Amino acid sequence: MKNFLELISHCLTDVREIMPWDLEERLEANPDLLILDVREPSEFDAMHIAGSLNVPRGILESACEWDYEETEPELVRAREREIVIVCRSGNRSILAAHAMQVLGYSNVVSLQSGVRGWKDYDQPLVDGEGKDVDLDDADVYFTPKLRPDQLRPDQPRPAAERG
């Protein structure tokens with residue numbers, strides 16, 4: 001049995017990653033490049049790379065095929081198109097790129113460090129209405145917010161919670 005990070009590591013043997021500065025160059029070189037954001041709609045609405053297409057990871061495989069309620073025509077027609085897949089931190093996008101390669105997509109890569117890395121590289125983000133997102137607000141958004149019940153049982157609680 002593999003854990004989440006081991007699964008990601010396994011998929012990396014077949015998936016190529018690029019860095020945010022590589023994406024910036026690819027966008028300049030190829031205006032037809034498709035940025036596919038596989039985060040959930042609420043994450044996408046909070047902030048995303050302008051011009052990206054949102055297809056949540058949970059429906060990706062059926063969105064890549066005709067004749068499903070989730071079918072995304074632009075994505076189905078993109079089998080030969082250059083596609084950069086993004087998520088929050090670069091993990092879900094690896095799983096998505098792996099799945100798309102299995103489905104016959106020939107030119108997909110994952111954005112290492114995800115939308116968070118794009119923001120850290122000081123690149124612009126927009127919200128669901130297309131308005132610019134303040135990168136300081138993005139810092140707050142990307143700060144992990146784990147509940148105590150989400151921590152491994154053998155981990156010490158944060159000092160603020162020990163009271």
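Predicted model: local features only at pLDDT ≥ 70, side-chain atom pairs only at ≥ 80, totals over all residues.

Reader: Which strands stand at the edges of the open sheet, each with a single partner strand?

Author: The sheet is open and has five strands with parallel pairing, in the order S1-S5-S4-S2-S3. An edge strand has one partner strand, so one of its sides is left without a neighbour in the sheet. The strands in that position are S1 (17-18) and S3 (53-54).

Reader: What is the bridge partner of leucine 36 in S3?

Author: S2 and S3 run parallel and are joined by two bridges. In S3, the residue that partners leucine 36 is leucine 53.

Reader: Which element gives the largest share of the largest nonpolar core?

Author: That core has 23 residues, and those with the most contacts inside it include Leu36, Leu60 and Met100. Among the elements that give two or more residues to this core are helix H1 (4-11), strand S4 (83-86) and helix H6 (92-102). The largest share, five residues, comes from H6.

Reader: How many residues does the other core have, the one that lies apart from it?

Author: This other core includes Val84, Leu111, Val115 and Leu125, and its residue count is 16.

Reader: Is arginine 39 buried or exposed, and what is its relative accessibility?

Author: Arginine 39 is found in the loop between S2 and helix H3 (41-46). Leaving out residues up to four places away in sequence, arginine 39 touches a set of residues that includes Phe44, Asn54, Arg88, Arg92 and Tyr141. Since buried means under 20% relative accessible area, arginine 39 counts as buried because its relative accessibility is 0%.

Reader: At what distance from a polar atom of the side chain of arginine 39 does the backbone oxygen of methionine 47 lie?

Author: Two backbone oxygens can be named beside this side chain, and the one of glutamate 43 lies 3.3 Å from a polar atom of arginine 39. For the backbone oxygen of methionine 47, the corresponding distance is 2.5 Å.

Reader: What kind of aromatic pair do tyrosine 141 and phenylalanine 142 form?

Author: Tyrosine 141 counts as partly exposed at 23% relative accessibility, whereas phenylalanine 142, at 5%, counts as buried. Their ring centres are 5.3 Å apart, with 80° between the planes. Because planes over 60 degrees apart count as edge-to-face, the pair is edge-to-face.

Conventions:
Residues numbered from 1 in each chain as written. Heavy atoms only, no water. Core = buried A, V, L, I, M, F, W, Y, C linked by side-chain atoms within 4.5 Å. Buried < 20%, exposed > 50% of the residue type's maximum accessible area, 1.4 Å probe, protein only. Helix = DSSP H or I, 4+ residues; strand = E, 2+ residues; numbered from the N terminus. Polar contact = N/O pair within 3.5 Å; in protein donor to acceptor, adjacent residues only side chain to side chain. Contact = heavy atoms within 4.5 Å. Pairing = 2+ DSSP bridges. Phe/Tyr/Trp six-rings, centres within 6.5 Å; stacked < 30°, edge-to-face > 60°.
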